[in-house]
Amino acid sequence: MATRDLTSSPIAGNGPSSDTSDDSDWADIEADEEAISFVSLFDSTTFQLLDTMLDHCEQHHNFNLRANVARLQLDFMGAVKLVNFIRHRVRSQKPLPAAISHHDIDDDTYLVPVLENDSVLFSLEDVLGSARDSDGDHSDETTNALQDRNAQLEAELELIRRNFMHYRLDVERTLDRRWGDEHQHEPKFSSPDIEIKDQSDYYFESYASNEIHETMLKDQVRTDAYRDFIYENKHLFKDKVVLDIGCGTGILSMFCATAGAAQVIAVDKSEIIIKARENIFNNGLSAIVTCLSGAIEDVKLPVDKVDIIVSEWMGYCLLYEAMLPSVLYARDKYLKPGGLLVPSSATLWIAPVDNQNYCAEHVSYWRDVYGFDMKAMQEGIFDDVRIEAMPAEFICGSPFPFKTFDLRKTRTEDLVFTADWQSDLTRNIESIDGFLIWFDNFFATSGDEQPPAPQMTTSAWVKKKPGNVAFTTGPYGTETHWKQGFLLIDPKSTQTNVSTSSQLSGQVTFAVLEENARALTIDAQWSVADQKRASQSWKLR
């Protein structure tokens with residue numbers, strides 16, 4: 001839009017020619033035309049010249065319109081938006097951003113003039129012209145900014161490429177395992193600049209996100225148990241040195257520091273340790289809690305021995321994620337004789353399940369999906385451990401504690417085991433639909449205290465001695481984020497005509513999944529009375 005002036009106005013261009021008009025006619029026209037005035041961008045002061053108005057804005061309001069147009073590299077429409085954005089903020093009595101960005105003026109509503117017949121808008125070509133003239137003054141700055149942005153985009157692209165390559169490799173490995181490729185461990189592609197991570201890398205990366213920690217912290221059964229044990233036994237923590245393994249957000253470390261610990265060492269290999277360090281600082285506990293980044297097997301502690309080891313190491317079905325070996329390593333290397341482990345022991349339970357509704361919703365469902373048979377979706381449906389919160393009403397037999405870990409004595413090799421179990425059925429059922437596995441955790445107040453008897457409930461443990469704490473993840477307690485592991489039985493393996501007089505017996509085996517050391521394979525064998533023994537294997541990955 002050209003600068004508005006009298007010589008180019010429609011009145012001047014279309015009036016009578018000089019041959020037919022006298023001087024008085026032109027005098028009348030010039031007298032009727034209003035003089036142009038430019039209203040300040042920041043107040044009601046008016047000026048006859050645009051430059052004078054812009055100088056006023058710079059001197060009295062510290063704002064240079066030309067410099068901002070040049071910095072943002074605006075075209076005419078962008079300059080219109082900028083002017084109207086400023087006028088809108090001033091009229092609304094809102095301050096301008098420290099540095100106006102494209103995002104600030106992106107809204108098309110700023111194309112609508114704030115002031116009627118705003119002369120500044122008609123004169124923006126002058127501003128754009130002078131901005132282009134001065135653009136050379138900012139060329140180096142603009143070039144550097146563009147180079148930085150380009151480098152950032154290239155880095156982001158490289159990260160996306162790497163993630164895609166990892167994803168592609170995982171897919172190929174999965175397909176190899178499915179189809180039994182004898183070269184399943186060899187990648188079908190190679191790239192010299194791609195470093196293939198092992199499963200542990202992905203494990204620690206998964207704990208860098210906020211969501212997983214939010215889930216754990218909001219699990220009141222879990223978090224309250226640690227808090228209650230620490231706060232109800234402050235005499236055990238006062239002036240002690242505490243090691244927190246897999247500290248996450250630092251919540252357990254802060255419990256211990258608040259309880260009177262002299263020194264707390266918080267260790268985590270995940271990048272969440274950065275947030276933990278900030279959390280500890282923001283709560284004024286940095287003088288007590290020291291954060292170390294790395295695996296407990298790799299870091300160097302600032303002390304030779306500790307009095308207490310605190311850790312929330314439990315995974316699904318207790319042993320998934322394989323964090324317990326790190327706690328046992330730290331116990332053997334750092335814990336003083338008679339030192340305290342928090343928690344001190346854990347018990348695994350198993351019980352038979354009769355839940356035909358579950359089978360109908362998750363297995364039979366695929367045979368009639370909006371009238372279509374999708375039996376292809378049933379492939380592998382009985383292969384994996386399902387993490388479910390199973391209502392207690394579907395337990396059809398007495399639960400059995402098949403394994404107890406006394407953390408004072410447990411060895412890493414004890415985490416691969418086979419245990420016997422049995423269960424008396426509590427009602428007549430057509431068949432057993434699966435087995436449910438859960439665990440109980442116990443907190444002892446002494447490093448010399450024996451773990452509970454296998455059949456002891458968590459409530460009985462709490463009543464046994466002041467300061468004792470325990471919780472269950474089973475179907476008879478409040479639901480936790482661990483829920484339970486459900487082993488869904490393939491119908492080909494199950495028995496029929498099971499009565500309340502029947503007794504189940506069998507074995508359960510926990511082992512490390514070959515392709516992922518942090519995952520599990522669970523095997524079960526069982527028989528009803530004198531019937532033939534059945535068996536099945538599930539993976540938790």
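These legends describe close-up views of one predicted model. Residues are numbered from 1 along each chain as its sequence is written, and side-chain values use heavy atoms, with hydrogens and water left out. In this predicted model, local features need pLDDT of at least 70 and side-chain atom pairs count only at pLDDT 80 or more, while totals for chains, interfaces and linings use all residues.

View 1. Helix α11 spans residues 220-232. Helices here are DSSP runs of H or I with at least four residues, strands are runs of E with at least two, and both are numbered from the N terminus. The buried residues of α11 are R222, T223, A225, Y226, F229 and I230. The arc is that of the directions from the helix axis to the C-beta atoms. Buried means under 20% relative accessible area, exposed means over 50%, and partly exposed lies in between (1.4 Å probe, protein chains only). At the start of α11, a side-chain oxygen of D219 comes to within 3.2 Å of the backbone nitrogen of V221.

**View 2. Helix α11 packs with helix α13.** Two packed helices are described by the angle between their axes and the distance between the axes. Helix α13 covers residues 251-258. The axes of α11 and α13 are 9 Å apart, at an angle of about 20°. That makes α11 roughly parallel to α13. Axes are lines fitted to C-alpha atoms, for helices over the stretch in contact, and angles run from 0 to 180 degrees between N-to-C directions. Angles under 35 degrees count as roughly parallel, over 145 as roughly antiparallel, 65 to 115 as roughly perpendicular, and the rest as oblique. The crossing of α11 and α13 is right-handed. A crossing is right-handed if the near helix is turned clockwise from the far one by less than a right angle, and left-handed if anticlockwise.

**View 3. Helices α4 and α5 cross, with Q73 in the loop between them.** Helix α4 holds residues 65-72, and helix α5 holds residues 76-91. Their axes come within 11 Å and cross at roughly 130°. The two helices α4 and α5 are therefore oblique to each other. Their crossing is right-handed. Q73 has a positive phi of about 55°, although Q73 is not a glycine. Q73 is exposed, with a relative accessible area of 52%.

**View 4. Helix α14 has a buried face.** Helix α14 runs over residues 272-282. I272, I273, A276 and I280 are buried. Seen down the axis of α14, the buried residues fall within an arc of 100°, so they line one face of the helix. The face turned away from the buried side carries the exposed residues F281 and N282.

**View 5. Five strands form an open parallel sheet.** The order is β5-β4-β3-β6-β7. Two strands pair if DSSP finds at least two bridges between them. The edge strands are β5 (289-293) and β7 (335-342), and each pairs on one side only. The twist averages 20° from one strand to the next. Strand β6 (residues 306-311) is joined to β7 by 4 bridges. V306 stands opposite L335 in β7. A cis peptide bond joins V342 and P343, with omega about 0°. P343 lies in the loop between β7 and β8 (345-353).

**View 6. Four strands form an open antiparallel sheet.** The order is β11-β15-β16-β17. The edge strands are β11 (417-424) and β17 (534-540). Strand β16 (residues 516-528) pairs with β17 over 7 bridges. D523 stands opposite S537 in β17.

**View 7. Strand β13 is covered on both faces.** In a regular strand the side chains alternate between the two faces of the sheet. Strand β13 spans residues 469-472. V469 and F471 are buried on one side, and A470 and T472 are buried on the other. Strand β12 (residues 434-443) and β13 pair in the antiparallel sense over 4 bridges. The bridge partner of F443 in β13 is V469.

View 8. Q484 lies in strand β14 (residues 484-488). Q484 is buried, with a relative accessible area of 4%.

Definitions and conventions: A polar contact is a pair of N or O atoms within 3.5 Å; within protein, one must be able to donate a hydrogen and the other to accept it, and residues adjacent in sequence count only if both atoms are side-chain atoms.
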